[in-house]
Amino acid sequence: MSTGKAIIPASKNLDNILKIKMPAVGIDIGGTKIMAAVVNSEGLIGDPIKIPTPHGPDKILSTVVALVEKFKEEHVLAGIGIATAGIVNIDTGTIIGATGNLPGWTGTPVKQFIESKTLLPVHVENDANAVAYAEAHLKKFQDKASVVILTIGTGIGGGILINGQLFRGQHYGAGHCGHIKLSLDNKRLCPCGLFDCFEAYGSGTGLLITAKEMLANISADQSSLSALANNSHSLTNEAIFEALANQDLIAIQIINTWHRHLAAGMSSIAHVLNPDCFVLSGGLAKFIDLDLLLELVRDITLPAIAENLKIYKSEFDNTAGLIGAAQLLLDKLAKAG
């Protein structure tokens with residue numbers, strides 16, 4: 001007698017159970033480095049591998065395949081989760097928009113290529129969305145109406161959680177907070193090709209430009225007070241933060257200006273989304289003074305929006321993107337089962 005229900009073969013059930021229990025590779029593709037690790041439901045398995053991002057889509061894809069093959073030597077994998085800068089069609093795994101931080105990346109069929117080479121299922125996600133997904137799992141943001149995650153590194157990315165769920169927008173482009181405008185003066189060219197984006201001021205790239213501009217305009221007397229003045233042509237963010245740690249007066253001014261730039265962008269986002277909180281991630285998040293930043297944001301934000309606003313730092317130590325990407329893949333496989 002037929003019950004009208006489809007019979008699922010026992011082998012398929014077993015296959016799905018095994019996939020849920022197996023780990024995935026999480027890979028975070030950034031403008032300057034690629035980071036990869038094996039991830040399960042509890043988090044990282046072993047230390048991440050970090051390598052410089054090669055130039056060009058073909059070399060990036062080949063590097064990703066090589067990393068996966070290396071992990072295959074020691075692990076039986078359920079699949080691959082990839083976090084990447086740019087606008088990602090999550091259904092096809094193709095990059096439909098990218099900035100100059102990853103030249104030539106637009107149009108790259110990441111999912112198709114990696115699956116064909118590794119024979120594993122692949123999920124590709126915008127890097128800030130992957131960070132947001134990881135943060136949502138860690139901090140249990142399901143009860144929050146609105147949370148904004150900002151990744152602050154070479155560029156600035158954004159991920160938006162609405163009632164605990166990722167908000168990607170109609171065409172996958174929501175959360176590109178790094179490209180809101182801070183000025184109409186056409187002063188700084190952003191890697192996206194437009195002028196005066198938040199990213200052109202608040203990112204690591206923007207910080208370096210701010211430092212060089214300020215050093216070019218200091219007096220001879222001020223130059224004698226700063227170790228940065230004699231190295232302006234070979235200046236790095238690392239040197240700025242080292243000088244800050246040594247109480248360099250010019251470095252303090254540079255970092256305070258950087259915080260004002262961050263506050264300007266975050267205030268604009270707060271006025272649109274009225275978030276419960278911001279979570280700051282990325283390579284430069286550890287250098288941010290949360291108390292100073294919150295004070296600066298509140299100074300330029302409507303009181304009704306600012307008074308309950310909170311700002312946190314990610315607890316993932318720059319691994320949230322690869323963890324979130326892997327978790328998205330694992331959750332996708334679990335739902336499919």
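Buried means under 20% relative accessible area, exposed over 50%, and partly exposed in between (1.4 Å probe, protein chains only). This is a predicted model, in which local features need pLDDT of at least 70, side-chain atom pairs count only at pLDDT 80 or more, and totals for chains, interfaces and linings use all residues. Residues are numbered from 1 along each chain as its sequence is written, and side-chain values use heavy atoms, with hydrogens and water left out.

Colour by pLDDT, the predictor's confidence in each residue from 0 to 100. The protein averages 91, and 93% of the residues score at least 70.

Select residues 1-14. Here pLDDT stays under 50, and the model has 1 contact (heavy atoms within 4.5 Å) beyond four places in sequence.

Next, select Cys 177. Cys 177 is buried, at 7% relative accessibility. The nearest cysteine sulfur, in Cys 197, is 12 Å away, and Cys 177 is in no disulfide (a pair of cysteine sulfur atoms within 2.5 Å). The whole structure has 0 disulfides.

Move to Cys 192, which is partly exposed at 29% relative accessibility. Its sulfur has that of Cys 190 as the closest cysteine sulfur, but the 3.7 Å between them is too far for a bond.

Finally, select Tyr 133, Gln 165, Arg 168, Leu 328 and Lys 335. Among the 16 residues that line the second largest pocket, these lie nearest its centre. A pocket is an open set of points on a 1 Å grid over the protein atoms alone, where a 1.4 Å probe fits, with protein on both sides within 12 Å along at least five of seven lines; lining residues have an atom within 4 Å of a point.
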